[in-house]
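Hi,

Here is the structure I promised to pass on. Have a look at it first, and my notes follow below.

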Amino acid sequence: MAARQLHTAAHLTFRNPASLVYLGLVAATAVFVTADTLFVTHEDGSFAGVWLFLLSAPTVFAFFIGGDLFGGSVSESAWFLYVALPVSVLIQSFALGWFLRLLRGVSRPVRPQGA
């Protein structure tokens, strides 16, 4: 039963159009942020990384609030950022897949009995 639930969760996260578009957008943004960080010189700091946070909002901010409950040093550490960002993107991809499945289930026409 657990394998079936894991398969369903993976399908909702990675194998539907809404989640694939979202994950592609996040991946393209991550490539842009990486290229901007490594190859472009700025007189002051770049705000390119903000786009990743905007794409992963609101769940990444929920992680930061939860990290503050364990102490400020947890949510301010680099490892927390490197874990919270991808996990929040995966949670949102799953939520998009679940919502799309919900919409598809509701939008199916009801067929009368015997037709």
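What volume does the largest pocket have? About 200 Å³. A pocket here is an open set of points on a 1 Å grid over the protein atoms alone, where a 1.4 Å probe fits, with protein on both sides within 12 Å along at least five of seven lines; lining residues have an atom within 4 Å of a point. Grid points are joined across faces, edges and corners, and the volume is the space filled by probe spheres set on them.

Before going further, a word on the source: this is a predicted model, so local features need pLDDT of at least 70 and side-chain atom pairs count only at pLDDT 80 or more, while totals for chains, interfaces and linings use all residues. Residues are numbered from 1 along each chain as its sequence is written, and side-chain values use heavy atoms, with hydrogens and water left out.

Back to the pocket. Its lining includes V33, T34, G49, L52, F53 and Y82. The elements giving two or more residues to that lining are α2, α3 and α6, with the largest share, four residues, coming from α6. (Helices are DSSP runs of H or I, at least four residues, numbered from the N terminus.)

T34, one of the lining residues, lies in helix α2. T34 counts as partly exposed because its relative accessibility is 43%; buried means under 20%, exposed over 50%, partly exposed in between (1.4 Å probe, protein chains only). The T34 side chain reaches the backbone oxygen of A30 at 2.8 Å.

Helix α2 itself has 23 residues and reaches 32 Å from its first C-alpha to its last, close to the 33 Å expected at 1.5 Å a residue (that is, 1.5 Å times one less than the number of residues). Its buried residues are S19, Y22, L23, V26, T29, V33 and D36.

Two of these, Y22 and V26, turn up again in the largest nonpolar core: of its 13 residues, they touch the most other members along with L52, V60 and V89. Such a core is a set of buried Ala, Val, Leu, Ile, Met, Phe, Trp, Tyr and Cys residues joined through side-chain atoms within 4.5 Å. Helices α2, α3, α4 and α6 each supply at least two residues of this core.

Leaving aside neighbours within four places in sequence, V89 is in contact (heavy atoms within 4.5 Å) with Y22, L23, V26 and S56. S56 sits in helix α3 and is buried, with a relative accessible area of 0%.

Cheers

Definitions and conventions
Polar contact = N/O pair within 3.5 Å; in protein donor to acceptor, adjacent residues only side chain to side chain.
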